[in-house]
Structure formats: C-alpha cells, structure tokens
Amino acid sequence: MHYYLAKRLGFLVLTIFAASILAFVLLHAIPGGSAETIARHTLVGLEEEVSAQMITEVSARYNLNEPLWMQYANWLSAVVFHGDLGTSFVYFDTPVLNLISLAIVPTLILAGASMLIVIVVGIPLGIYSAIHENSPGDIVIRCASVFSISFPSFWVALMLILFFSISLDWLPVTGYGTLANLILPAVALALHPTAVIIRIVRTSMLETLGQQYITFAIAKGLSFRRIIWNHAVKNALIPVVTLLGLYFGHLLAGTVIIESIFAWPGIGKLLVDGVFSHDIPVVTSCIVVIVTMFLVVNLGVDLLYHVIDPRIHYE
Amino acid sequence: MSEDVTVIPAIRKIPVTNSTSNNKNRLIREIKKRLGFQCCLVLLGMLIIIAVLAPFIVPYDPTSTDLPHKNEGPSTAHFWGTDYLGRDLFSRTLCGAQTSLIIAFATVGCAFAAGTAIGCIAGYYGGIVDELLSRGIDLFLAFPGIIFSLALLGLIGAGILNMVIALTLAQWATFARLMRGDVLSIRNLEYVQSARTSGLPDRRIMLRHLVPNAIMPVLVLATLDVGSVILATAGLSFLGLGIPPGIPEWGSMIGAGKEFLRTAPLNIIVPGLAITVVVLLFNILGEGMRDILDVHKDQVNIE
Amino acid sequence: MTLLTVHDLNVHFPTGEGSVHASRDISFSMEPGEVLGLVGETGSGKSVIGQAIIRLLPTSAQITGEIRFDGQELTTLPDHTMHALRGRSISLVPQNPSGSLDPLIRNGMQIAEIFIERGATKNTAWDKARDLLVAVGLIPSDPIAKEYPHELSGGMRQRLTTSIAIAEHSRLIIADEPTKGLDYHARATTARVLSDIRTRENASLLLITHDLYLAEHLCDWIAVLYAGEIIEIGPAHHIFTQPRHPYTKALIGAMPKNGLVPLDGQSPSLMAIPEGCSFRERCTACSNRCGTEHPDLKQESLNGGVRCHHPFSS
C-alpha cells in the first residue's frame, strides 16, 4: 500500500513539475512574454511607444536575456528553496506568494461551497430520479439537467444577478465577506456540475438496479428501503466519487470566469487579471497552484476509491 | 415497518435469443424509435445551413453601428432589437452562429484527429511508446478546463486560428486517453491477434481492425465535445480573449453587453439563449448516438 | 394439500425483434417435501418458470396461466403481498451466485440482514448467520463471515446463496442451476447440501438444472423441457430407466455413463417455434403427423405424461 502511495505521489510531483515547465515555456517563449510586451505593459501605457532603453531595462531586471532553461532553473530554485514565486510585474513588486496566499482562501471557499451544493443537491436528486424512473418528477429533473448543462455559466451568473440583485434586490452583486456574497457565485458555479452529477448518479443507480444482486435482494424479501439504500446507493455511488474529483477540477477552472464576474478575490480572478496585464510571474504561479490543487484532489479521490471498494487492492 | 407503497425496483433486463438483423437495419430502427433525436437532427441541419449562409441572409450588416437606435427592444425594423451600439441583434446572433460553429468544428476535428492518432499508437504499441505518450496525455489533462487556453490566448493574442490552436491543445488529451483505453481493450482480442500472427503490417492492422471498432465511443465524445468547445469559446471571448473585435461572437457579445445588464438585458439574454440552444442540440445529438450505439447493453440470455 | 400447482403457464417477452415465447403451457404440481426437477438444455426456458413463480421476471414479461401456492393465486397478488412471501415462504437459490452477492457487503451480513430486517439484534442475526454457514459447510464460519464475496471460490459462493435461501425455513425453495460452472468437488458438496435441505427443512425443492446426475440423485419427479414446453414428466427413476419421449431418451443417452452419445442439431429459436412438434427436426422416430399437429401432454396418472405422437412404450 505504501509503495502504491509513494508511486502516486511521485507521479503527482512529476506532473506538477512538468506542468510548471509547460506553463513557464508557454509564457516566456511566445511573443507575449518578450521584453517589449512587458515594457509596454508595465512602464508605459499600452498605446505609447516603447523605447529601446526601456527594453534593455526590463530585460536586465527580469533576466530575460538568459537562455530559457536558465530562466526556468532560476525560477524553480527560487520556488523550491526559498518559496519565492517571483514578484509581480504589475502590483508594485509585491511578491507573488503574498498575492496567491491572499487569493487561495476565497477560491477554496467558493469551490468548497459549490462542491457542497453539487453533493447535497445533485446526489439526492439523481437517486430520486432513478428510483422514480419515468415519473413526472424524473422527467422534470432530467429536462432541467439537460438544459442546465447547456447554459453558459457566465450567462447563468448574469441572469442570477439580473434576477436576484437587480430585480429583487435580495442579494449583493459583488463583494466578499458575508454569506450573502457567496450565494450567487456558488450557485452559478455549481449549476453545471450539479446537472452533470444528477445524470451520472441517475445512470449509475439505474445500472446498479439492473444488477443481479439487486434481483437477489428482492428474492430475499428485503424491504424496498434496505434494497435501495444499503445495496443500490452504496454500489452506485462508488464510480460517482471519482467523478466528483474530476469535477472539482472543472469547478476550479470555472472559478476563473465566475470570480471575474462577481469580483471575488480568488485565484481565478488573479489569473485573469494577470493574463490581461501580462503579469507573467503571477500567471505562471497561478497555473501551477491550480494544477497542483487539481492533481491533489484527484489523487485524494483515487485513494478514497480504493478505501471504499473492498474489491480493489493496492497493486 | 409500514410502507404505503412497496415499489420494488423494476427489473429491466430483457432476455433475447440470437439476433438476426444486421447493424444497419438496427441503427435505422433505433433512430426511428426516437422522435426527439430525429427532431434534433432536423434542427441541427437547419442550424448548419443558417450558419453557412449567415452572411448572405442577414437583414443587416452585423458590424454596422447605428447609435441613435442603440439598445432598442424588438421591433418591426429589428427582429430581436439592437445592441449597445445600435447593431441588429438578430444579424449578429446569426453570424455568431457561423463563428461558433467554425471554431467548434475545427477544434473538435483537430483534437479528434490528433487525439485518436496518438491514443491509437500509445495503446497499440505499448511499452515505452505508451509510457511516454501517456505521460504526455496526463500532463495535458492536468490543466483543468480553460486554464491552459486562457493563458495561451492571453499571450499569443486574438484570432480565430489562435483560438482553435488554444482549444485544440486543451482538448486533444481527452480523446487520446479514451482512444487508448479502447484500443487496449480491443488489442488483445482474438481477431487482432490473428491479424498480427498472419504478418499484416502494423499500420494496416491498426486502420482496418482496431480503429473502426475502437472509435465508436470516441465519436460520441466528439459530438458531446462540440458543445463543450462552444461553451469554452464563449467563456474565453466573454472575458475578452481570442476573438478579434470585429467578428460577432456570442460570448463577446455577452461580455460587451454586461454593462447594460440593468438597462438593456436583451444584449445578454439573446446571445446566451443562442449558446444554450446550440449546445443543447449537440448534447442531445451526442447522447442520442451513445444511446443508439450501446443498445445491446442491457440484454441477457434466456436459460 | 398440494403445495404448488402450476397450470397452463405461458410467458412472453416482447423484444425489439419480435415476441419470445419462453414458456409454453407449463403445468405441474408439487407436494410438500417433494423434489421436482426441471431438466433441459440451455434455452429451454426452465429458469423462466422458476422466476415466474417467485415473480422476478422483467416487468415487460407477459404471464398468463395460474400459479397456486398454498392455496393462493400468485399471479394476481398485489406487489407487497407477493413480496411478503419472498424469502419467507418461497426462496430462490439464484443461478449466478457470483453476480448475485452484493460485492460491498460482508458474507455474514448477506445472511444476517435478513434477520435484522425481521427485528433481530445485530448480534443475534450474526449468530444465526454463522450457524447457517456451518450448516452448508462453510467453515470456519467466523472468518468467512467477515470476508467479502470476492474472496470466496465459486463453490463457496454457491453454498452461501443456498444458506440464504434456507435462512427462513421456506416451504418452497427454487434452486436455479445450482451446479452450473462448478468443478467436480464443488458440485458434490452442493449436491450434498441440497440433499441435506430436503431432510432438515422438509421443504419442497424445485430443482432447475441441466445436470442430469444431480437430477438423478436428488429428484422424486422430473419434468423434461424442450423449446419452452414440458415434453415429458414422470417419476425420476422412470425417466432415467424408461424414457418415453425421443428427446428424453437422447438426453439420457448423452450422459457420459451411458456412452456420451450426442444429439444432432439445435433446439429451435423461441421466437420462431415450428409448427407441429417442436422436436420434429431432430427426431428419428417422427412421421408426417408430427410436422403438422402439435402433440398434447398426455397425462397418464401416476406415471406422469409425455408430449409425443409416437412415444416409446413403457
């Protein structure tokens, strides 16, 4: 078991490492990362001309004249040995680490709240839908799910704002700090994954209900309640657990847009702002952090899967 | 214990004996059974025709502004009203369909081609080739959602081609992984083994035997992916990335119109509904295909 | 009083490619304590009969005819009344024990949950479960009870499902292919377990099987099925020593101990049953009449009946 865990952790670290290389290369090797663009974004307004002197200045300051691999090596050693993720090009030389540590909590809160909605709303509705297959309730749930998967999340967010903030004035639009601020972004973010989970749970339940051990449970004369909850649900939810891990990743990616709309001060917003202002250290670090979170959650869910299914052994 | 109704879970599996009809007949029969799927096919056909002909059939030039008539509601002059610059929403929405579909089909086409090729090679050859390619696949899969495309677009700038590249790079790995899995499960089946022992060149085995059988689920994925790509495109252009300013695109229309949420919500509602409807159609198509192709899943034999 | 009477049972399954007539005009009866064997090839529709009795056929199945158990007509019972009989009065030993055991539930719990449902405490339930494991020869019962089904061999799983079937002292136990896929040793053990049930429980056993040795060993009466209908029924020793239907004779002849003489051809598809006698195509003793006129099951009181125009004489 320990060997398996060590192997998975090893792969995790390697993947993060590789992802960081990819992100770094992307951002530095492409025209947008050149000294000229940086100078244009940081030293002057976007419309004005950049002087040659500015370019030299920027190149020297950020070591942009060195070979790419050396830039990466410098960056990596700074990260690993000093926990130094670089300094923001934009925010007056604020260490990126500070920016990220401030941003990570709001994102975790938002992602966590959305995940909670997905689990608490999605799973029961999926189970209900499966048990009462083809009933009016099931049909309503399925139609709603199919539509919810097709709505763009940012549009849902805007519609929610239109309805709850502007028309009804029940909830604030932007801001961070209270539960009221959390509701709209969390719901907007959770809608799509919830609909997906409802359908996955429903399919899994239906497939489980068709299994021979359910038929035998009926033959045993067990009560409906016992058959559904002790046998069907338990078996049906196992594949769903791993998918929840995957969907956490989508949630993380979704925070990018949702945080921008609601001015939620999380990593997503930091990333988008960084992309627009060509703040390369911020963008690289945000990507690495997001990828790390995604991979860690995935690994956690995989291990959980091994724990809850007695048939699986660690190889 | 008391229960009002004992709802015993219905037993669904239907026993069958030997099936005699061939695949094509069965396919047609399955499609005939599904009215919703047929409607969906018809609507998609109409959508594609509209998208292709859009620039020719729209009543107004989608880019011509008309500031005195900005943010107007639906009228006889403007079917769906005007946007914040006085441009006709109906025309812009129709042209947006063209943009979205071009990007979506190009992206899915490339991702599908690259993904299935790489996945097939990885699954078929195994060994070190598989290890390397799998690591590559995992690497790209480590970037959730639009993170990768976002960063890439932010730096290479706007443009339809750039958009397609950015999205393809984000999508191909999903196809590759699925294809690899399919190929792995089919590779060891007898008929492939016999093809190998009879000395056929690898490439022919792959093309003739493996690919046709392994590719079905991947095709279904491709159809479903079109919807995802349209949503991703809209999301990125909503943020302001990827789409050059002149070209009408639903996401950027919403992005630009969001300031007018309070005053002229049609700017946002119309393109949003357009996205929803198109993605919905592709989702129904994809799921209908998955349903039809998997039809033998719940049948058992009589004893 | 007769425990079970099945009269003119017909089962149809509508499928995408036509209607499958899986059981045709099935009629037989069972006394308390009797062992009746339903014997036939794969595809002869024997399992369907067992499933019909305990009402576990797919919801799309169309059932006509009568099934009277203990004086009650089962086919028209409301769902919850029928469900009250399952496990208690009528039990099933399922055909595929591996697929029939919930993989997430420990072996002991597979049995114990029946008792817990009826109100027993967890400890009592597990004690009873362990006793049942011992009764079917799954010892040492404690470690086995704590394990999961995937840790047992095929034969052990078969015994586990058998122990579940006898948990509540059911009056009728339907055993569906209890020795299918088992190796020689497991078959012998299962046969002994089933034989023990007979003496211990005094239950009636409806044994559905293609294993003729098992049938010969256990059954009092045997009904031979072909293409969904009973073509011969009678006391076990008669069937094995003086078969009257050509199919039965061929079946007995195909047993290894009798020379392993195989029978040519295949049983007809249940979607396209031929006119006349279903066995006509493979029969060596048929006439023109067999091609046009479907033979009835001629009852011959104490010695059963045969569905043939030209049966061998007894």
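I take a salt bridge to be a side-chain nitrogen of Lys or Arg within 4 Å of a carboxyl oxygen of Asp or Glu. The model I am reading is a predicted one.

**Chain A against chain C**

I looked up Arg226(A) and Glu113(C) and found 3.0 Å from N to O, so their side chains form a salt bridge by the 4 Å cut-off. The interface of chain A and chain C has 2 salt bridges by this rule. I also noted 11 residue pairs in polar contact there, both partners at pLDDT 80 or more. On the chain A side, α9 and α10 each supply at least two residues. I sorted that side by class and got 8 nonpolar, 8 polar and 5 charged residues.

I then checked the extent: 21 residues of chain A touch 27 residues of chain C. About 2,100 Å² is buried between these chains, with 59% from carbon and sulfur atoms.

**Chain A against chain B**

I turned to the contact with chain B, which takes 54 residues from chain A and 50 residues from chain B. The two chains bury about 4,500 Å² between them, 80% of it on carbon and sulfur atoms. I counted 1 salt bridge, in which the side chains of Arg199(A) and Glu287(B) meet at 2.5 Å, N to O. For polar contacts I have 3 residue pairs, both at pLDDT 80 or more. Elements giving two or more residues to the chain A side include α1 (2-29), α8 (179-209) and α12 (280-308). α10(A) gives the most, with 10 residues. By class I list 39 nonpolar, 11 polar and 4 charged residues on this side of chain A.

Terms used:
Residues are numbered from 1 along each chain as its sequence is written. Chains are lettered from A and ligands numbered from 1 in the order in which they are written. This is a predicted model: local features need pLDDT of at least 70, side-chain atom pairs count only at pLDDT 80 or more; totals for chains, interfaces and linings use all residues. Side-chain values use heavy atoms; hydrogens and water are left out. Contact means heavy atoms within 4.5 Å. Buried area is the accessible area (1.4 Å probe) that two parts lose on being put together, summed over both. A polar contact is a pair of N or O atoms within 3.5 Å; within protein, one must be able to donate a hydrogen and the other to accept it, and residues adjacent in sequence count only if both atoms are side-chain atoms. Helices (H or I, at least four residues) and strands (E, at least two) are DSSP runs, numbered from the N terminus. Ala, Val, Leu, Ile, Met, Phe, Trp, Tyr, Cys and Pro count as nonpolar, Asp, Glu, Lys and Arg as charged, and the others, Gly among them, as polar.
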